[in-house]
Amino acid sequence: MHWAKTFQTARFTLAVSGIKGLSLAELGATLDDLALDGVTGYGHPQLRSALAAKSGVSDDRIVLATGTSGANHLAFETLLDSGDEVAMERPGYEPMEMLASHLGATVRYFPRRPENGFRVDPKDVAASVTSRTRLIVVSNLHNPTSVATDEPTLREIGTIAERVGAKVLVDEAYLDAAFESAPPSAGRLGDVFVVTTSLTKVFGLSGLRCGWIVAAPALASKIWQLKNLFGVNEAHPAGCLALRALRTSGEILARTREILEANRAAWEAFHAGRQDLVLEGDSRGTTVFPRVVSCDADALCEHLRERYETSLVPGRFFGAPAYVRVGLCGDPEIFREGLVRLGSALSDLNGKGSA
Ligand SMILES: Cc1ncc(COP(=O)(O)O)c(C=O)c1O
């Protein structure tokens, strides 16, 4: 995260995983949409209902949080004690591993294997749990590959968790980026699942910090009680804007689709002509995760940034050092120029230090 805050920025960034930020004008918001204060208590009531409707569950299953990060923190802390075990995917999103360690839990990894298109294999999950496992963590879509986990696989993971008395936390920060081909939200598949998500990535609304958790009602109340120690109430004006975004979600998601389709087409045209970047997963979301076969992936990221003002995320941050993550979320013109520069950086380095 420190790297993301300090090194990710570049003139031509291919490093971000969230859609280019929406402006107030694009949101169609006016001052009349805002109020500085309002009833928040256990969440702005209309916002909580709108999030419940979006997630396909009742209001008592929703806990509001500060982004998906805040949602993950609240859920992890409610479900884990020091000495517990957490089973986590690898490659995976590093801050979740660090969060588990921060809470005194031991992380055991299950692989998402490139030869299996980075799909989750329930046999690997089963091999990573013990009687001390309290949480199994999956991102859907997967960060960094954007590979989806389908409903039968989620249900199998749920059964594995139930056998050892654990929960399955599904981080769905990117799920909406699969549009009509998205698997169902795990929050509708049973009480063994806990879902965390936000409007950050796919809506392009990181600034609102509108995140939420979907959990069984009793667990949701427990999480609200923990949250009372941290933040008490939400930022009401941000809640008003989030509500507006949910009411106009059709337009916002159409914008997201347009950006992703333009950038995916540019990526596919670029990738078709290259032997030095190998794609192993069927990605549907905001990022792709190619393996760099002609040079060292870290050296590529460094050279690209220093010589070409362009950034990628090194795969080492996900536990996969031979890879790089390319975000398809930025302004299409900037994205296309970033790809040209990536091509030049690869040509400079090809054959130097094969990974
Ligand atoms: C899997 C995953 N979860 C959570 C987050 C953080 O989301 P937010 O900005 O909504 O806190 C990220 C950000 O990159 C992510 O990749």
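Three elements, β3 (85-90), α5 (94-102) and β5 (133-139), each give at least two residues to the lining of the largest cavity. Helices here are DSSP runs of H or I with at least four residues, strands are runs of E with at least two, and both are numbered from the N terminus. A cavity is a set of points on a 1 Å grid over the protein atoms alone where a 1.4 Å probe fits but cannot get out; a pocket is an open set with protein on both sides within 12 Å along at least five of seven lines, and lining residues have an atom within 4 Å of a point.

This is a predicted model, where local features need pLDDT of at least 70, side-chain atom pairs need 80 or more, and totals for linings use all residues. Residues are numbered from 1 along each chain as its sequence is written.

The count comes to one cavity of 30 Å³ or more. Its lining is made up of M88, E89, G92, Y93, M96, E97, V137 and S139.

Now for the spaces by volume, meaning the space filled by probe spheres set on grid points joined across faces, edges and corners:

| Space | Volume |
|---|---|
| Largest cavity | about 50 Å³ |
| Largest pocket | about 700 Å³ |
| Second largest pocket | about 300 Å³ |

What lies nearest the centre of the largest pocket? Among its 33 lining residues, that's M1, S17, Y93, Y174 and K201. With three residues, α4 gives the most to this lining.

The second largest pocket has 21 lining residues, with A65, T66, R209, K227 and E234 nearest its centre. Elements supplying at least two residues each include β2 (62-66) and α8 (217-230).

Key:
Side-chain values use heavy atoms; hydrogens and water are left out.
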